[in-house]
Amino acid sequence: MRTIGVEEEFLLVSEDGSPRAVAAAVLQHASSEDGDPDPETPGGNLEKEFAQEQVEISTRPCADLPSLLEEVRAGRWRADSSAQHAGARIAALATSPKDVEPTVVVNRRAQDIAEEFAQTARDQLTCGCHVHVSVDDDEEGVRVVDHLRRWNPVLLALSTNSPFWRGDDSGYQSFRSQVWGRWPTAGATAPFGDAATYRSTVRSLVESGTILDTGMIYFDARLSAHYPTVEVRVADVCLDPEDAVLLGALVRGLADTAVERGDEGLPPQPRAEEVRVAGWRAARSGLTGDLVSPTTGRPVAAGTAVDELVRHVTPALERNGDLTWVREHLEALLRRGNGAQQQRRWRQEGADDAELARRAVRATLG
């Protein structure tokens, strides 16, 4: 069975809901508690991100969903414990509801990126959820990356959790994806077909001199540079821990389906322009309006697009023993609403920045 792991980025917030630039202190406390990370073993440690107002935690590779959920919850609690020692809390919000000027971490590479990419870099206080799924080799990985293309917008719609930007309602369910999409390599790609084409494309992008290195390959799904995995980067960080695990289960189902059946029974691969439009629609509407059908390219209700995804991966979910868990938790997500829906509901109930942050912290810790 393929293993799956999750990386999650969190805001560090104060009692009034303001992001706090205390990542260095948070990481110092975490290091004193956990020791130095083992570079050979993925997951389990708190790490820096691009801004000092955020941190990242990752799980170890897991073969079953209950273990992954336990890892996600434990990682969030560890991150919050270290944050409290620095006078902050962690909040799984993909953008800050309160206006803030982010502070780039004290790191040469980060400073170089900030200088080269100007306003795009200055705006990048955004938090995503990255799902890693194991693959046998790069050839299999490219099959998975290509297969995911039409389904990535549905994964984004499920995870949307960034309705607010610079203190205002953006009108989007995921404004993070709009801000993130300003990077030159971010977003949807054309099908690669094989590992050689993938590698030559990455090499050409680096040799263009536009990006610093391969670490700035920000495709919606990419081959991991460090582990034998495909890394799916399209999602907002999920407010509720169960939603992050749901994404993991669906990504694994898509990976298994890609290898076992490929695009059998599906229309030809959509063009990159079509996938970008579907991604924009998912960012704008989330689960509250129409999405672009992954199979017909036409507008359908969000629930219908989600059903298409689940039906597509049902055989893989059944073989992995995940189908019942996915159906139950997907029903709970649709009933409760994802992070964007919950944040807007809290605002409608009168929550100010401080109260919204408190509710977000409680939801984050599950």
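**Burial and helix faces**

Q: Does Ala30 count as buried or exposed?
A: Ala30 counts as buried, at 5% relative accessibility. Buried means under 20% relative accessible area, exposed means over 50%, and partly exposed lies in between, using a 1.4 Å probe and protein chains only. This is a predicted model, in which local features need pLDDT of at least 70 and side-chain atom pairs count only at pLDDT 80 or more, whereas totals for chains, interfaces and linings use all residues. Residues are numbered from 1 along each chain as its sequence is written, and side-chain values use heavy atoms, with hydrogens and water left out.

Q: In which element is the place of Ala30?
A: Ala30 belongs to helix α1. Helices (H or I, at least four residues) and strands (E, at least two) are DSSP runs, numbered from the N terminus. Ala30 also lies 7.6 Å from Ala79, C-alpha to C-alpha, although 49 residues separate the two in sequence.

Q: What span should helix α1 have?
A: The expected span of a helix is 1.5 Å times one less than its number of residues. For the twelve residues of α1 (residues 23-34) this gives 16 Å, and the end C-alpha atoms are 16 Å apart, which agrees.

Q: Which residues of α1 are buried, and where do they fall when seen down the axis?
A: An α-helix has 3.6 residues a turn, so residues three or four places apart point the same way. In α1 the buried residues are Ala23, Val26, Leu27, His29 and Ala30. They fall within an arc of 160 degrees, so they line one face of the helix; the arc is that of the directions from the helix axis to the C-beta atoms. The face turned away from this buried side carries the exposed residues Ala24, Gln28 and Ser32.

Q: What do the buried residues of α1 pack against?
A: They pack against β1 (4-13), β2 (46-48), β3 (54-58) and α2 (65-85), where contact means heavy atoms within 4.5 Å. Ser82 is buried, with a relative accessible area of 4%, and it is in contact with Val26, His29, Ala30 and Leu46, leaving aside neighbours within four places in sequence.

Q: Which residues are buried in helix α12?
A: In α12 (residues 339-348), Gly339, Ala340, Gln342, Gln343, Arg344 and Trp346 are buried. What covers them includes β6, β7, α11 (323-336) and α13 (353-364). Gly350 follows α12 and has a positive phi, near 100 degrees.

**Backbone angles**

Q: Which residue other than glycine has a positive phi near 50 degrees?
A: Most residues other than glycine have a negative phi, and most peptide bonds are trans. Ala118 has a positive phi near 50 degrees. Ala118 is found in helix α3 (residues 108-122) and is partly exposed, with a relative accessible area of 32%. Arg166 has a positive phi of about 55 degrees. Arg166 lies in the loop between β6 (164-165) and β7 (168-169) and counts as partly exposed at 25% relative accessibility.

**Rings, charges and cores**

Q: How many aromatic pairs does a search of the whole structure find?
A: A pair of aromatic rings is described by the distance of the centres and the angle of the planes. The search finds ten pairs. Rings of Phe, Tyr and Trp (its six-membered ring) pair if their centres lie within 6.5 Å; planes under 30 degrees apart count as stacked, over 60 as edge-to-face and the rest as tilted. Trp180 and Trp183 have ring centres 6.1 Å apart and planes at 70 degrees, so the pair is edge-to-face.

Q: Which ring does the charged end of Arg347 sit over?
A: A charge sits over a ring if NZ of Lys or CZ of Arg is within 6 Å of the ring centre and within 35 degrees of the ring normal. The charged end of Arg347 sits over Phe164, 5.1 Å from the ring centre. Arg284 lies over the face of Tyr172, at 5.8 Å from the centre of that ring.

Q: Which residues touch the most other members of the largest nonpolar core?
A: A nonpolar core is a set of buried Ala, Val, Leu, Ile, Met, Phe, Trp, Tyr and Cys residues joined through side-chain atoms within 4.5 Å. Among the 80 residues of the largest core, Leu155, Trp183 and Val230 touch the most other members. Helix α8 (residues 241-260) supplies the largest share, ten residues. Another core, of 35 residues, lies apart from it and includes Val13, Leu125, Val237 and Trp346.
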